[in-house]
Amino acid sequence: DWYASPNFRGCPFINAVLEIADASHKAHHVSINLRESIRQIIVRLAAEAGVKNPDLFSRQYLLLIGGASLMATIEQSSEGATFAQTALSVLIDANVGD
C-alpha cells in the first residue's frame, strides 16, 4: 500500500543517506542506525523461526526491501513489492528446515 500511495517518494531513510554525502552528518547516522535496528529485529525473528544463518538472511531481506523501494520510486509502481514477496518466499524456503 505504501508504494502505491500517491505521496510515495521513496524511503526517506535511503533518500537521506543518498542525498547527504557527508557520512558524519547526523541525518546520515540516524538513517544508518535505524536500518541496523530493523536488521537486528529481522535477525531475531529469523533466529526464532529457525533460519540457518539469520545474519545473512537479514541482509538479503533488506536487499529485497531496498530493491522494492527503489523500483517503486523509479517506476511509480508497487509491483516491486510483489516481486520482493515472491523472492522472500524462496529465500525463506531455502533457509528454514533441514
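Ser-58 is buried, with a relative accessible area of 0%. This serine lies in helix H3, which covers residues 54–75. The model is predicted, and the protein in it has 4 helices and 0 strands.

**Surroundings of Ser-58**
- Apart from neighbours within four places in sequence, Ser-58 is in contact with Arg-39, Ile-42 and Val-43.
- Ser-58 counts as buried because its relative accessible area of 0% falls under the 20% cut-off.

**Packing of H1 and H2**
- Helix H1 spans residues 12–19 and helix H2 spans residues 26–48; their axes lie 9 Å apart, at an angle of about 135 degrees.
- H1 is therefore oblique to H2.
- The crossing of H1 past H2 is left-handed.
- On the H1 side, Phe-13, Ala-16 and Val-17 take part in the contact, and they meet His-28, Ser-31, Ile-32 and Leu-34 of H2.
- Sorted by class, this contact between H1 and H2 holds 5 nonpolar residues, 2 polar residues and no charged ones.

**Overall fold**
- Read from the N terminus, the order of elements is α-α-α-α.
- The C-alpha trace extends about 45 × 30 × 15 Å along its principal axes.
- Among contacts with a separation of 6 or more, 49% join residues 24 or more positions apart.

**Burial and surface**
- Of the 98 residues in the protein, 24% are buried, and Ser-58 is one of the buried residues.

Definitions and conventions:
Residues are numbered from 1 along each chain as its sequence is written. This is a predicted model: local features need pLDDT of at least 70, side-chain atom pairs count only at pLDDT 80 or more; totals for chains, interfaces and linings use all residues. Side-chain values use heavy atoms; hydrogens and water are left out. Axes are lines fitted to C-alpha atoms, for helices over the stretch in contact, and angles run from 0 to 180 degrees between N-to-C directions. Helices (H or I, at least four residues) and strands (E, at least two) are DSSP runs, numbered from the N terminus. Angles under 35 degrees count as roughly parallel, over 145 as roughly antiparallel, 65 to 115 as roughly perpendicular and the rest as oblique. A crossing is left-handed if the near helix is turned anticlockwise from the far one by less than a right angle, and right-handed if clockwise. Contact means heavy atoms within 4.5 Å. Ala, Val, Leu, Ile, Met, Phe, Trp, Tyr, Cys and Pro count as nonpolar, Asp, Glu, Lys and Arg as charged, and the others, Gly among them, as polar. Buried means under 20% relative accessible area, exposed over 50%, partly exposed in between (1.4 Å probe, protein chains only).
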